[in-house]
Amino acid sequence: MSDTRNVIIIGSGPAGLTAAIYAARANLKPLLLEGEPMGAGDQPGGQLMNTTEIENFPGAIGLQGPELMAKIREQAVTFGANIASQRVTKVDFSVRPFGVWVGDQEYRAETIIVATGAKPLMLGLDDEWRLMGRGVSTCATCDGFFFRGKDIAVVGGGDAAMEEAIFLTNFAKSVTVIHRRDKLRASQVMADRALANDKIKFHWSAEVAAINGDRMLESVTLKDTVTGDKSRLAVNGLFIAIGHKPSSELFEGQLELDSKGYIVTKGVATSVPGVYACGDVQDAVYRQAITSAGTGCMAALDAQHFLEEHAPAPAKAKTPATAAV
Amino acid sequence: MIKTIDKTTFDGTVLKSDKPVLVDLWAEWCQPCRAMEPTIEAVAKEFEGKVTVAKLNVDENPELAQQLDVMSIPTMMLFKNGQPVNRLVGLSTKERLTGAISAALA
């Protein structure tokens, strides 16, 4: 068994890294397990790694998503956070110190901060995986380049879908936004920008019923959500941006989850005292980088209070942090 | 060691290789591709001498990417005896890559 740590943070988006900054400045010597790239859109740094320009994170205007994440990560490391590029495979929150495993490697900590975020939802059609990388994509910034002069579609009606559609007009001949409702869910500024773009067409009240193509994507079958009528739209590319689901599988049976898989929190406290959750894994409402960072801060402060009350931390360093607040 | 290949060296390094070849298709502006770099380096080290690991910049070699039917990056293609035997689209863990390579070596 390894040494017991004050706090282990699982996840490395804005929530996890902000928690790491606060915990490090409180001299808790946090270990942050940042994960490992896996699957569509699941990577250290979180969702901002696939975005372009940041416009709504105070002070970060003009930065690209990955640049902001690199800066926040660097800030955490500067204050002494220990970051390991490992993906947690198992947890045991039934006894304290809590157990966290990466394969056979075991870690123990008095408190845990869960910040595993959310990952992109897929359409749930078999052919989306068969044609993934052959016209179907979940990352406009990665793959827009391949669709120069082509006709493409974006599925979704939120901010992420609008951002992708607008970005893709830099390459594509046309971009059709396919949305289930007759009105966008995106923020006004993003919706206005997309609606005003000549290259973007909207196919309202439709969902993707099938993805067609032998070797490469050729078309999608659309089903009208009101009449049920089916139609075919010829496209070379299909970008899926229909939202996210919380990455909480690891915590099933360990923490209370709601019906959609979000970790149930009061403030940032989970159903297990000493285990805190922050960011998108517990937030079905706001899901912003800034709210994630805010709840990450809350989780670190609460973990610090918990440690002061429950474990008079022998591992705590002798010299307190001297940096100004 | 990771070899940088392009359309002029692809045939010699990949198709005519007597060892399996893992080709990492990437571009500068692809953040997930950058995120994969440490994983690729670790894999190259682990299979040194048994498998050739090569990087192909799709931005500089778009025709070749098109010939390979690649329209999304990161994509890892595994070649054996000049034939593509596996293709992993999107982010891959080291475990997933080493599994695919071990299968090609078997």
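Q: What makes β5(A) and strand β6 (residues 105–114) of chain A a pair of strands in this predicted model?
A: Two strands pair if DSSP finds at least two bridges between them, and β5(A) and β6(A) are joined over 5 bridges in the antiparallel sense, so they count as paired. Within this pairing, Gly99(A) stands opposite Arg108(A) in β6(A). The two strands form a hairpin with 2 residues between them, and in that hairpin Gly103(A) takes a positive phi near 60°.

Q: How is the packing of helix α2 (residues 31–46) of chain B and helix α4 (residues 94–105) of chain B described?
A: Two packed helices are described by the angle between their axes and the distance between the axes. For α2(B) and α4(B), the angle is about 35° and the axes are 10 Å apart, while the crossing is right-handed.

Q: Which residues make the contact of α2(B) with α4(B), and how many of them are nonpolar, polar and charged?
A: From α2(B) come Thr39(B), Ala42(B), Val43(B) and Glu46(B), and from α4(B) come Lys94(B), Leu97(B) and Thr98(B). By class, this contact has 3 nonpolar, 2 polar and 2 charged residues; Ala, Val and Leu are among those that count as nonpolar, whereas Glu and Lys count as charged.

Technical notes: Residues are numbered from 1 along each chain as its sequence is written. Chains are lettered from A and ligands numbered from 1 in the order in which they are written. This is a predicted model: local features need pLDDT of at least 70, side-chain atom pairs count only at pLDDT 80 or more; totals for chains, interfaces and linings use all residues. Axes are lines fitted to C-alpha atoms, for helices over the stretch in contact, and angles run from 0 to 180 degrees between N-to-C directions. Helices (H or I, at least four residues) and strands (E, at least two) are DSSP runs, numbered from the N terminus. A crossing is left-handed if the near helix is turned anticlockwise from the far one by less than a right angle, and right-handed if clockwise. Two residues are in contact if their C-beta atoms, placed from the backbone, lie within 7 Å.
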